[in-house]
Structures are given as structure tokens and as C-alpha cells.
Amino acid sequence: MYYYRERLWPSPAIYISTALVIPASLLVFLPINMTVGIVTAVVLYTGIIAVLVLASPVIAVKDSHLIAGQARLPIEHIGEPQVFLAEAATLERGQRLNARAWLLLRGWVSPVIKIPLTDPGDPAPYWLLSSRHPQQVADALSRAAEKITTPDVT
């Protein structure tokens, strides 16, 4: 069961700005051949869009795990999450960042959630994740942790 699930899609501005590959490839290939220029522009832009969509990671909170991209973290090893917005999020991604932290950051998603780890065997002190709704992630982690500490006896 998912308590929360979010895919970190690129913002519309990313799709628009990558469309600049179309006129760039046309400028290069139109003097050679118009058909080649148009086909190249379409193929390049389609490829960029495909990479952006396929590389968009998922953040999910399940009954027993936090999933961030390909990584999984058992709920029992999670401390109290902290939500950072605006300038505080920028500081967490930059000046306050611990070099050993595990990161899943996307430049087009400003807010972050910092999830401390309680596992003494884990070299990472915390996970820092981009999320458009970090408070919902924190709430979902709390609900999942509560379910683990108070198992259902029905």
C-alpha cells in the first residue's frame, strides 16, 4: 500500500527550453538537406523528451519502505523528517549539505525533505530528496512509522 507517491517530472520550462535543439539542428542541417534537417530536429527533440520522462524518479512511501528512485530505505531506519522550502532548501542543497548524505535532487524542484537515518551501519547521515510536496512525504513517513510501531492486531 502506498501512503504517498510522486514522480519528479521536469517542469514545463525544461520542455520548452530543450525545444531549442530544434532550431539549432535546423541551422546545422538545412544547408545540407531540408529533409535531413527536419528529421534530425524531430528525432533529437523526441529523444530528449524520452530521456527526461524515463529518467524522472519516483518518491514513494510504502508500508515498509521509502522508495527514492532506485533506492529503498526501511521505515524503521528513518528519523524525524524535516521540510525545507525556498531559501532554506537552497541552503540545505548547498552550504549545509553533508558530503556523505544520499541525494535525490532535481534542479526544477525547489523544496526538499531531509530524512535522518537511525541505522548506525549506514554511512549516510541522512537522505535529502527533492519533492514538490515535502510535507505530504513527511506525513506519509509518520503514518508508515506509526503502522510499524503499532501493528494491526485485527
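Two strands pair if DSSP finds at least two bridges between them. In this model, I67 stands opposite R72 in β4. The model is predicted: local features need pLDDT of at least 70, side-chain atom pairs count only at pLDDT 80 or more, and totals for chains, interfaces and linings use all residues. Residues are numbered from 1 along each chain as its sequence is written, and side-chain values use heavy atoms, with hydrogens and water left out. Helices (H or I, at least four residues) and strands (E, at least two) are DSSP runs, numbered from the N terminus.

**Strands β3 and β4**
- β3 and β4 pair in the antiparallel sense over four bridges.
- Two residues lie between the strands of this hairpin, where G69 takes a positive phi near 65 degrees.
- In a regular strand the side chains alternate between the two faces of the sheet.

**Helix α3**
- Helix α3 (residues 34-54) has 21 residues and reaches 30 Å from its first C-alpha to its last, close to the 30 Å expected, the expected span being 1.5 Å times one less than the number of residues.
- G37, T40, A41 and L52 are the buried residues of α3.
- They cover an arc of only 100 degrees around the axis, which puts them on the same side of α3; the arc is that of the directions from the helix axis to the C-beta atoms.
- T35, V43 and L54 are exposed on the other side of α3.
- The cover over the buried residues of α3 includes α1 (12-18) and α2 (21-29).

**Nonpolar cores**
- A nonpolar core is a set of buried Ala, Val, Leu, Ile, Met, Phe, Trp, Tyr and Cys residues joined through side-chain atoms within 4.5 Å.
- The largest one has 24 residues, and those with the most contacts inside it are V61, L66, I115, W127, L129 and L141.
- α5 gives the most to this core, with five residues.
- Apart from it lies another core of six residues, among them F84, A89, A101 and L128.

**Residue K114**
- K114 is in strand β7 and is buried, with a relative accessible area of 16%.
- Leaving aside neighbours within four places in sequence, the contacts of K114 (heavy atoms within 4.5 Å) include E80, P81, F84 and W127.

Key:
Buried < 20%, exposed > 50% of the residue type's maximum accessible area, 1.4 Å probe, protein only.
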